[in-house]
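The following note concerns the pockets of the model shown below. Please read the points alongside the coordinates.

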Protein chains: 2
Amino acid sequence: MAPTEKVDKRAHILTVAEQLFADNGFDGTSVRDIAQLANVNLAMISYYFGSKEKLLEALIEDRAGYTLGILEELNKNQTLTPWDKVDRQVEHYVDKIFNNYKFHCIMSQQYNNTRSTEIKELIINIKLRNLEEIKKVITDGQKKKVFRKVDVELTMASVFGTLMQIVNSRSLYCRLLKVEETDDATYRKKIAPRIKTHLKQLLRAHLDIKNEE
Amino acid sequence: MAPTEKVDKRAHILTVAEQLFADNGFDGTSVRDIAQLANVNLAMISYYFGSKEKLLEALIEDRAGYTLGILEELNKNQTLTPWDKVDRQVEHYVDKIFNNYKFHCIMSQQYNNTRSTEIKELIINIKLRNLEEIKKVITDGQKKKVFRKVDVELTMASVFGTLMQIVNSRSLYCRLLKVEETDDATYRKKIAPRIKTHLKQLLRAHLDIKNEE
DNA sequence: CCCAAAGTTAAACAAACGTTTAAATTAAAC
DNA sequence: GTTTAATTTAAACGTTTGTTTAACTTTGGG
């Protein structure tokens, strides 16, 4: 085995598991599938993680920390106008979700189907923390009389929902958006800017206090 | 067995399978689970459907036809203004998806995880047909100079995505929207009107030609 | 009443599943 | 160099999986 691979076999298993879980689902992936694709012995998964379910927990915990920090930092910057903050959060969120869309596929699917209460709570808390950070931006803009009165929670659901639609149903939107289905990178390159523009335009109209009814 | 149950055992199996697939996923549900909850012999599922995967196909085909007709009818009504059509489609769509949210959960999850190309194509075609019908309403309003120029496909993704967020991540949004988590009916009663209001408001601002940049 | 078709059953099938074992190998500490 | 711990391995464990079998009961038409 090459020395570069040897460095962290645990991380390598996580990456392989992430891909398989995203493609075939948790129950649709066997530990033998993971072991084979990762080129490790079957027993190593129990050895490192204890069980298949613990492996999923480890995966979620590993990937979850990635986001929150950037969002919080964005909010602390007091010089930005509410509109600037919205634009930047859209930029950041679209990039982030495209970067680990496989993980977000797992989050969506596992949220619904897992029988483990711990995993479900884990996922809910991660999502809630992220949503709270976005919520601050909108309520802040409302206090400053820049944004109108809207349903804040459902506005977040619309932003997040738009994104999840695109990444979760890729080949559907490839056909709908008339983009040929190739690799991840080109899909992202073509779609990500378009989503950013759309979400900014959507939020600008939706939040603008001039559109108050 | 009561004569009412006897009427259509096949339909009963489909209903039970729909619930279990939605709750535990396709791979997370065994044919024995279905047989037990439906109170039928294990072999009856092969007898009626041929296989577990054929059962899923039968379920999708059975549930899919339900929607399209109403959407088409709505579009033919020429007396309605584009705004009326938007409002009515929102009303209809929200109600429809709440009515069979379990089925839509299965559609979302299976779209991503199935290894069967036929099922994937089946789901894509159902969704594309539905989306085409919505698209007509928006492009019609644009032709009549009532709606501004927007990204039509992504606007649909936003509407559909908002809804899927709410029905797919129920207990998350129960907590976020501060609604206690009880049965389906009360959840729907409290949330559905709120979603309708939000989506109409969102689309009104987003589509209005007066907000043209 | 009979008999072929449809429906239903318990039992069995091989394959795949997650996990464990106990022996073998490698690494690190002294 | 020896010893202890960590890593890796092939094999096996007992379940559960989807599906099939072959016998049994029910049904409806002639």
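1. Helices here are DSSP runs (H or I, at least four residues), numbered from the N terminus. With that convention, helix 7 of chain B gives the largest share of the lining of the second largest pocket, 3 residues.

2. This is a predicted model, in which local features need pLDDT of at least 70, side-chain atom pairs count only at pLDDT 80 or more, and totals for linings use all residues. Residues are numbered from 1 along each chain as its sequence is written, and chains are lettered from A in the order in which they are written.

3. The largest pocket holds about 280 Å³ of space. A pocket is an open set of points on a 1 Å grid where a 1.4 Å probe fits, with protein on both sides within 12 Å along at least five of seven lines, and lining residues have an atom within 4 Å of a point. The volume is the space filled by probe spheres set on the points, which are joined across faces, edges and corners.

4. Of the 14 residues lining the largest pocket, A:Asp23, A:Tyr101, A:Arg170, B:Asn112 and B:Lys120 lie nearest its centre. Helix 7 of chain A supplies the largest share, 3 residues.

5. About 230 Å³ lies in the second largest pocket. Its lining comprises 13 residues, with A:Asn112, A:Lys120, B:Asp23, B:Tyr101 and B:Arg170 nearest the centre. At least two lining residues each come from helix 7 of chain A and from helices 2 (9–24), 7, 9 (152–168) and 10 (170–176) of chain B.

Key. Side-chain values use heavy atoms; hydrogens and water are left out.
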